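Please keep the sequence and the model at hand while reading.

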Amino acid sequence: MMGPLLVGLYVFVLAIFVGFEIIAKVPPTLHTPLMSGANAVSGITLVGALVAANSQRPTVATLLGCAAIITATINVVGGFLVTDRMLKMFGSKKKG
Amino acid sequence: MSTASVTAILVPILYLLSAALFIFGLKGLTRVRSARRGNQIAALAMLIAIIGTLLELGTIHWTYILAGLVIGSLIGTVAAIKVEMTGMPEMVALFNGSGGAASALVALSQIWDRVVEQETGGTVLAALGNAPGVTTVLAILIGTLTLSGSVVAYLKLAGKVKGQPILLPGRHLINAVLLLGSLLVGIWAVAQVTEPGMLEAVLLAVVAASFLLGIMLVIPIGGADMPVVISLLNSYSGVAAAMTGFVLENNVLIISGALVGASGLILTQIMCVAMNRTLANVLFGGFGAQETSTGGGGKDAYQNVRSFSAEEAALVLEAAESVIFVPGYGLAVAQAQHTVHELANVLEKRGAKVTYGIHPVAGRMPGHMNVLLAEADVPYEQLLEMEVINPEFKNTDVVIVVGANDVVNPAAEKEKGSPIYGMPVLEVWNAGTVIVVKRSLSSGFAGIKNELFEYDNTMMLFSDAKKAMQEILNEVKQL
């Protein structure tokens with residue numbers, strides 16, 4: 001039976017290999033949108049922020065959690081929207 | 001089945017689905033055709049992960065969660081809608097810093113929640129467990145330096161801090177001390193300190209040291225290298241997110257954090273290759289600073305440079321049957337993309353074949369030029385990559401280089417001793433006439449002379465990119 005740490009490490013290392021594999025070939029056209037999209041994904045820390053802010057009492061921990069939600073949400077919402085804005089322009093030009 | 005057991009089954013499935021969709025989404029982002037869909041799939045994956053987390057929490061106290069989500073969404077949306085396409089690098093830097101801050105805040109919140117405010121009287125490691133305890137330190141360290149590093153990158157890109165590398169004496173030593181110091185002190189704090197007041201103070205010191213480290217790491221790097229830095233910091237923010245995954249024992253966080261960490265690193269590597277640099281050289285070299293460019297630089301004065309007016313350029317263009325635009329950093333800074341497209345349209349109407357040669361690192365970020373030109377409605381098919389366009393130059397009448405320098409420097413192919421020798425460049429000099437629009441003879445970020453400016457088939461047009469394009473456009477229209 002593996003402890004949670006070991007499972008976590010397995011997952012971490014395997015996900016790194018997956019990350020290397022899927023990005024191996026990218027046309028330069030997409031470097032900026034890809035950077036921006038991957039950046040939005042790194043806002044996944046929002047999941048942790050939700051756990052941290054789940055309290056009724058305005059303790060330091062809760063307020064730190066709330067600040068974490070704000071910053072993570074800016075990263076997620078802003079990141080995905082801005083990436084979509086960039087990619088929308090590529091899409092509409094292809095028909096022309 | 002009770003609600004609790006349904007949740008117990010459903011939540012892991014949602015997490016698994018989310019992780020799989022993140023992989024699909026990122027994969028989609030690597031192909032032009034599927035990129036937009038890929039981004040949407042990644043956003044969906046994020047939504048599923050959030051729903052899974054809320055289900056897992058069970059009892060949700062909405063006050064602070066909802067407040068955070070609403071405020072964050074508002075700020076993110078407004079920023080994403082308002083930003084100009086030319087300001088994209090700055091925006092990505094700020095978003096990235098924001099994500100790094102979030103990871104550090106989550107880790108701090110965990111320590112406050114489980115140790116400081118519980119008044120357990122024990123250490124962090126005793127309360128959280130060994131591995132989660134140590135990873136809180138890593139999340140705080142990496143998250144905070146991502147924040148401050150991104151802010152410095154933003155300030156440099158926005159021109160609020162000078163773009164030139166700022167080289168402090170002994171900076172490598174200072175950085176090593178800051179890194180090892182905050183790491184060791186942080187681990188000592190979570191392993192040994194039991195008194196809450198002491199723990200708070202030490203952790204805040206670690207935050208301060210990490211913040212300083214982020215500044216110190218980015219400050220010596222020149223403005224032109226900021227894209228590489230942002231990409232690397234993006235990778236860091238992924239790693240920071242993965243670290244919070246270890247703290248919370250949450251696999252979705254670990255998987256997506258690791259994905260971003262790895263993909264960011266690969267992308268950084270790809271960018272470095274395109275600039276013929278190693279990552280170590282970007283990070284530690286202080287490239288572009290005077291200490292490395294002893295051989296080149298301004299001491300080789302230019303001879304035989306021929307300066308022309310917009311009118312003369314227009315006359316040359318008038319006769320051209322094929323024209324290639326080579327846009328560079330200067331075009332992005334001057335925001336000349338719309339004017340360039342207008343000029344291209346006029347030339348096309350006169351029967352010329354117009355294309356664009358895009359160097360992989362043209363613009364302010366790799367791929368940024370494609371975004372800028374797409375914004376100006378330039379048809380996607382006219383944007384040709386370096387490998388495709390290079391054989392075309394010898395059959396081309398006129399090449400217009402707009403605000404590019406190093407990416408069209410023949411020294412990369414012809415001078416073995418040159419610092420940029422071996423870097424892939426656009427072979428514009430093979431064309432009939434090369435019109436170079438540039439503000440002055442100053443060197444590019446490589447800090448070296450560009451012989452192209454002295455070639456017999458080169459016409460220099462000294463002006464701001466947008467102004468020059470507008471003047472040529474007016475002249476061409478009058479012909």
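Along its sequence, chain A follows the pattern α-α-α-α. Chain A has four helices and zero strands, where helices (H or I, at least four residues) and strands (E, at least two) are DSSP runs, numbered from the N terminus. This is a predicted model, in which local features need pLDDT of at least 70, side-chain atom pairs count only at pLDDT 80 or more, and totals for chains, interfaces and linings use all residues. Residues are numbered from 1 along each chain as its sequence is written, while chains are lettered from A and ligands numbered from 1 in the order in which they are written.

**Chain A**

- The radius of gyration of chain A is 18 Å, whereas a compact globule of 96 residues would have one near 12 Å (taken over C-alpha atoms; the globule rule is 2.2 Å times the number of residues to the power 0.38).
- The C-alpha trace of chain A spans about 55 × 40 × 15 Å along its principal axes.
- Of the 96 residues of chain A, 68% count as buried (20 or more other C-beta atoms within 10 Å of a residue's own; exposed is 12 or fewer, partly exposed in between, with C-beta atoms placed from the backbone).
- Among contacts in chain A with a separation of 6 or more, 59% join residues 24 or more positions apart (a contact means C-beta atoms, placed from the backbone, within 7 Å).

**Where chain B touches chain A**

- On chain B, 95 residues are in contact with 80 residues of chain A.
- H10(B) gives the most to this side of chain B, with 18 residues.
- The residues on this side of chain B divide into 57 nonpolar, 31 polar and seven charged (Ala, Val, Leu, Ile, Met, Phe, Trp, Tyr, Cys and Pro count as nonpolar, Asp, Glu, Lys and Arg as charged, and the others, Gly among them, as polar).

**Helices H4 and H9 of chain B**

- The axes of H4 (residues 88-116) and H9 (residues 226-248) of chain B come within 9 Å and cross at roughly 25 degrees (axes are lines fitted to C-alpha atoms, for helices over the stretch in contact, and angles run from 0 to 180 degrees between N-to-C directions).
- H4(B) and H9(B) are therefore roughly parallel to each other (angles under 35 degrees; over 145 is roughly antiparallel, 65 to 115 roughly perpendicular and the rest oblique).

**Positive phi in chain B**

- B:Glu249, in the loop between H9 and H10 of chain B, has a positive phi near 50 degrees.
- B:Gln335 is not a glycine, yet its phi is positive, about 55 degrees.

Key
Contact = placed C-beta atoms within 7 Å.
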